[in-house]
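Dear colleague,

I am passing on to you the structure that follows. Please look through it first, and then read the notes set out below.

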Amino acid sequence: MRECGKRDRAESVTARGLGWSPALLVLLIGCSAPGEGALRSGKQAAARGDFPTAATFFEQAAKEAPKSAEAQAMRGNALFAAGKADGAAVAWGAAITLDAHSPDALLGLARVALGRGEPGAALAHLDGVTERRSDEKAL
């Protein structure tokens, strides 16, 4: 899918009186969601082992889609893999703010806590992962 000025275009068409929602028009136009291209590029960079570049793409994705817990969690993963545990913890904290049960973020924060010699904090983060799994099984 290509990225484009989907919001402006969709809102313009909506303003012309079609009465369709901008989200529906974005799907029909064939544009990707905000941050999707940067997220895809970040995943490709991470797959190549280029974690600093991946982190940059994930940061861009987070700016384009500020409510994306996935972008923040992926940024945390890339930063951690690049040896930047403190930056990773900040990104994972942002992901948790958006999705309190983000498994990538909770596992990442647990790793950072263990690295800092804080086993109690690590266990608390891991409890969040098991709580999510329990919630998913209940559905």
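In H3, the buried residues are Gly-37, Ala-38, Leu-39, Gly-42 and Ala-45, where buried means under 20% relative accessible area, exposed means over 50% and partly exposed lies in between, using a 1.4 Å probe and protein chains only. Helices (H or I, at least four residues) and strands (E, at least two) are DSSP runs, numbered from the N terminus. Please keep in mind that this is a predicted model, in which local features need pLDDT of at least 70 and side-chain atom pairs count only at pLDDT 80 or more, while totals for chains, interfaces and linings use all residues. Residues are numbered from 1 along each chain as its sequence is written, and side-chain values use heavy atoms, with hydrogens and water left out.

The cover over the buried residues of H3 includes H4 and H5. The 12 residues of H3 should span 16 Å at 1.5 Å a residue, and this agrees with its end C-alpha atoms, which are 16 Å apart; the expected span is 1.5 Å times one less than the number of residues in the helix. After H3 comes Gly-49, which has a positive phi, near 85 degrees.

**The protein as a whole**

The protein has eight helices and zero strands, and its elements run α-α-α-α-α-α-α-α from the N terminus on. Of its 139 residues, 33% are buried. Contact means heavy atoms within 4.5 Å, and among contacts between residues at least 6 apart in sequence, 44% join residues at least 24 apart.

**The nonpolar core**

A nonpolar core is a set of buried Ala, Val, Leu, Ile, Met, Phe, Trp, Tyr and Cys residues joined through side-chain atoms within 4.5 Å. The largest one holds 21 residues, of which Leu-39, Phe-58 and Trp-92 touch the most other members. At least two residues of this core come from each of helix H3 (36–47), helix H4 (51–64), helix H5 (69–81), helix H6 (85–98) and helix H7 (103–115). If neighbours within four places in sequence are left aside, Phe-58 is in contact with Leu-39, Gly-42, Lys-43, Ala-71, Met-74, Arg-75 and Ala-78.

In H7, the residues Ala-105, Leu-106, Gly-108, Leu-109, Ala-110, Val-112 and Ala-113 are buried. The 13 residues of H7 should span 18 Å at 1.5 Å a residue, which agrees with the 18 Å between its end C-alpha atoms, and just after H7 there is Gly-117, with a positive phi of about 75 degrees.

Pro-66, in the loop between H4 and H5, is exposed, with a relative accessible area of 58%; Pro-66 and Gly-35 are 31 residues apart in sequence and 8.8 Å apart in space, C-alpha to C-alpha.

**A residue of helix H8**

Leu-126 is found in helix H8 (residues 119–138), and this residue counts as partly exposed because its relative accessibility is 33%.

With best regards
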